[in-house]
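Morning, everyone. Please have a look at it first.

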2 protein chains.
Amino acid sequence: MATTPMKMSDLALHAGVSTATVSRVLSGKAGVRQTTRDTVLTAMEELGYSRDKQVTTKTEIVAILVPELSNPSFPAFAEELDTLLFSAGHANIVCAAGSAGTSEVQHLETLQDLNIAGLISVSGTPADTLASNEPYRRLISAGVPSVFINGYDSELDGAFFSCSDHEAVAASVLHLQSLGHTRIGLAVGPERYLPTQRKIAAFLSLGFSREDIASTIYTPEGGQLAAARLVDSGHTAIVCGSDIMALGAIREIRSLGLDVPDDISIVGFDDSPLMAFTDPALTTVRQPVRAMCEAAVTALLAALKGAELDRTELLFHPDLIIRNSTGPVS
Amino acid sequence: MATTPMKMSDLALHAGVSTATVSRVLSGKAGVRQTTRDTVLTAMEELGYSRDKQVTTKTEIVAILVPELSNPSFPAFAEELDTLLFSAGHANIVCAAGSAGTSEVQHLETLQDLNIAGLISVSGTPADTLASNEPYRRLISAGVPSVFINGYDSELDGAFFSCSDHEAVAASVLHLQSLGHTRIGLAVGPERYLPTQRKIAAFLSLGFSREDIASTIYTPEGGQLAAARLVDSGHTAIVCGSDIMALGAIREIRSLGLDVPDDISIVGFDDSPLMAFTDPALTTVRQPVRAMCEAAVTALLAALKGAELDRTELLFHPDLIIRNSTGPVS
């Protein structure tokens, strides 16, 4: 893993041909003159380059897995990870699981075939208490060091970096209470997800009850539905499990003829890109994306050099970003 | 290309072991018992599976290249392409070029090593009149069919699907003129980009002059700068080259103490996700992402089966989505 493998480009340089030509010779494709083919094969011998080594060149690639791209929080993680991996000299590819597209499990199978060097998974199956982490286990036991952001499974031999859901909920509630709100609701996605369970546990620990919680799905529509329920039951402020849900909640509140924040205050979660541009600009809890990605990449790079991964989950402190979707209780 | 290659999973099934074990045997890794190793090697012989075929399994992967993930328009293209490729049975990986991360050229080098089956590039170097398309040419001549969305180079042997910039600008201007605006400005990114050149040409053909155009960069900050210039020179409406620029323009106009749309009307371009949630909800031109992606995937699938790609650029009709950032001239 930590060796510096010979690349096709090295071979191309030595043979005085293009990398494309080397690739064609290696894959046995037509369209290469016999003399050129001989030159490449001779260069291969001289440099001790073999097909096996060609496979080794691929071990420099790190795969980034994200659950979807439509929530802007995930492209933000992917972009930050790319920047950090790039400056560390690693090529990377992004695999995004779509609800109607390729699943996480299918991506992991593809990655196994691609012989990747390492893996960083954002909000993957380790964040889903009902999903099997077997595909990750297989990759890890095949020697692919894996690091997880916002997901945790004590039985996986990886490293774990998560945003503290407890602190996120506590900061949101404290802010709303300081504005005079007492009827505060929590709008989250399905309870199968670990961050959801943690947000609910944090919320209940602050003295709220099950009736103050609406568990729907992590989309604008999920936010609408949760807001409808919580407003109907007399809540004046809603802490949302994602910015996307918060935007849906705002839309629902307006369609009820109410105003944000004059009638109902809304807090998001993620501070994903563009949230400063929403109507109203969203008060939200910022995940420390940069710091989390830096820790994940640092751990992965060490593992690629042979270090053991520390299985302890490292929790990151989020910041409350106060904008215009929260105000004094009316 | 069009053959159905044997997969590691087929071999695993035949040998009665996991794909991970097959992978370890093939890559010569430790941690596999000799009896297991023999079982896999026997199965390989029985099925006529060779290392060369292992490489062939990788040809099923289609790579999606996007320039960045921070403009939500690009994740939207990537997600749509994933959905379509997945339903056609193709695995895919996404390569996102970041300003501070991996460049498009570096991604293309990695893809060459990965022996991908095909490529769909969104707003890549063929959209940049100053960039070399040599890396694409190399991949194409190595037998990788390539399809381009929002980029065109008549000398590249690919297929091209673009949103009509002319229609986008014409529809925006017509809408603003119907609201009484005559002092209309155009805010775009650098002129090196083909879509920028086309938007400028369309704008000039409608009777506007160079003084009505501010060419900056495709970011919120670029939008701010362009809006400052155009408002300063007396324009009452601005057609922006991207939604992101439009959001920056709105921010700038407000910081000048003016209102959108009461004082200045703003039109975006892309209708990227979340634009219905901005303040004010953005009037913008919707790229027909789904239709463009369907055409691109259809062309690529045909090429993977051996069809010639038609080099003609197919232009798609965009729709004007009227929301709240445009209003009557004051």
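This is a predicted model: local features need pLDDT of at least 70, side-chain atom pairs count only at pLDDT 80 or more; totals for chains, interfaces and linings use all residues.

Chain A to begin with. It has twelve helices and twelve strands. Of the 330 residues in chain A, 58% are buried. If we take the contacts in chain A with a separation of 6 or more, 72% of them come from residues 24 or more positions apart. The accessible surface of chain A is about 12,500 Å², and carbon and sulfur atoms account for 53% of that surface.

Now to chain B, and two of its helices. Helix 5 of chain B covers residues 73–87, and helix 12 of chain B covers residues 289–304. Their axes are 9 Å apart, and they pack at an angle of about 50°. The two helices are therefore oblique to each other. Their crossing is right-handed. On the helix 5 side, the residues in contact include B:F77, B:L81 and B:L84; on the helix 12 side, they include B:M292, B:C293 and B:V297. Sorted by class, this contact has nine nonpolar residues, three charged ones and no polar ones.

Last, one residue: B:A168, in helix 8 of chain B, which spans residues 165–178. Is B:A168 buried or exposed? It is buried, at a relative accessible area of 2%. Beyond its neighbours within four places in sequence, B:A168 is in contact with B:F269, B:V285 and B:P318. B:V239 is 71 residues away from B:A168 in sequence, with a C-alpha to C-alpha distance of 9.7 Å.

That is what I have; thank you.

Key: Residues are numbered from 1 along each chain as its sequence is written. Chains are lettered from A and ligands numbered from 1 in the order in which they are written. Side-chain values use heavy atoms; hydrogens and water are left out. Axes are lines fitted to C-alpha atoms, for helices over the stretch in contact, and angles run from 0 to 180 degrees between N-to-C directions. Helices (H or I, at least four residues) and strands (E, at least two) are DSSP runs, numbered from the N terminus. Angles under 35 degrees count as roughly parallel, over 145 as roughly antiparallel, 65 to 115 as roughly perpendicular and the rest as oblique. A crossing is left-handed if the near helix is turned anticlockwise from the far one by less than a right angle, and right-handed if clockwise. Contact means heavy atoms within 4.5 Å. Ala, Val, Leu, Ile, Met, Phe, Trp, Tyr, Cys and Pro count as nonpolar, Asp, Glu, Lys and Arg as charged, and the others, Gly among them, as polar. Buried means under 20% relative accessible area, exposed over 50%, partly exposed in between (1.4 Å probe, protein chains only). Accessible areas come from the Shrake-Rupley method with a 1.4 Å probe; for residues, only the protein chains shown count as cover.
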